[in-house]
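Colleague: I have a model here and some words I want to understand. Can we go through them one by one?

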Amino acid sequence: MRLKLIGTLAVAALLAGCANDHANTGAATGTGAAVQPSGPVPGSEADLVANVGDRVFFDLNQSGLTSDAKATLDKQADWLAKYPQVTVQIAGNCDDRGTEEYNLALGQRRANAAHDYLVAKGAAGSRMTTISYGKDRPTATGEGEDVWSQNRNAITSVQ
């Protein structure tokens with residue numbers, strides 16, 4: 001009988017302890033650890049990717065901006081205005097067709113198109129650099145239009 005009573009009290013004590021673990025968070029008294037914001041750090045590369053978009057895409061053998069590209073660049077311009085301390089690099093890329101020389105030149109035109117659009121939207125040109133990787137840094141591998149279209153881009157990255 002005594003053993004049953006001790007066992008019952010032990011179980012009750014354990015349950016009571018578990019019930020209080022979640023109830024006392026410190027929120028009611030203002031004590032406890034500060035709540036950490038979730039998500040990417042504002043003004044970071046992760047923030048740009050998650051909340052704005054870091055790349056624009058181009059049609060085959062083209063460096064002109066599509067309406068979708070302009071919409072993304074409009075968001076990038078707003079983001080750059082919000083974080084004036086951030087500098088970025090715009091990298092122009094191509095699919096793996098064409099010669100090295102042709103793709104380097106095309107990639108540079110794509111990077112310049114994105115850069116010039118951002119400057120026209122008020123971003124300081126001195127905060128941006130451009131580079132062309134031609135076909136040397138594909139974002140997708142394989143063959144076919146689905147892959148090639150992903151590699152025809154200009155990618156903005158925080159420096």
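**Strands, salt bridges and burial**

Modeller: Start with Val-158, which is found in strand S4 (residues 153-158). Strands are DSSP runs of E with at least two residues, helices are runs of H or I with at least four, and both are numbered from the N terminus. This is a predicted model: local features need pLDDT of at least 70, side-chain atom pairs count only at pLDDT 80 or more, and totals for chains, interfaces and linings use all residues. Residues are numbered from 1 along each chain as its sequence is written, and side-chain values use heavy atoms, with hydrogens and water left out.

Colleague: Why is Val-158 called partly exposed?

Modeller: Buried means under 20% relative accessible area, exposed means over 50%, and partly exposed is in between (1.4 Å probe, protein chains only). Val-158 has 24% relative accessibility, so Val-158 counts as partly exposed.

Colleague: Which residues is Val-158 in contact with, leaving aside its neighbours within four places in sequence?

Modeller: Contact means heavy atoms within 4.5 Å. On that basis, the partners of Val-158 include Trp-79, Val-86, Thr-87 and Val-88. Thr-87 is 71 residues from Val-158 along the chain, with their C-alpha atoms separated by 6.0 Å.

Colleague: What makes Lys-121 and Asp-74 a salt bridge?

Modeller: A salt bridge needs a side-chain nitrogen of Lys or Arg within 4 Å of a carboxyl oxygen of Asp or Glu. The closest N and O atoms of Lys-121 and Asp-74 are 3.7 Å apart, and the two form a salt bridge. Lys-121 is in the loop between helix H4 (100-120) and strand S3 (128-134), while Asp-74 is in helix H3 (residues 67-82), 47 residues apart.

Colleague: Why is Asp-74 called partly exposed?

Modeller: Asp-74 has a relative accessible area of 28%, so Asp-74 is partly exposed. Lys-121 is at 47%, so Lys-121 counts as partly exposed too.

Colleague: How many salt bridges does the structure hold?

Modeller: The structure holds 6. One of them joins Asp-95 and Arg-152, with the closest N and O atoms 3.2 Å apart. Asp-95 lies in the loop between strand S2 (88-93) and H4, and Arg-152 in the loop between helix H5 (145-151) and S4, so the pair ties together parts that are 57 residues apart in sequence.

Colleague: Why does Arg-152 count as buried?

Modeller: Arg-152 has 5% relative accessibility, so Arg-152 counts as buried. Asp-95 is buried as well.

Colleague: How do you know that Glu-145 forms a salt bridge with Arg-152?

Modeller: Their closest N and O atoms are 2.6 Å apart. Asp-95, Arg-97, Glu-145 and Arg-152 are linked in a network of salt bridges.
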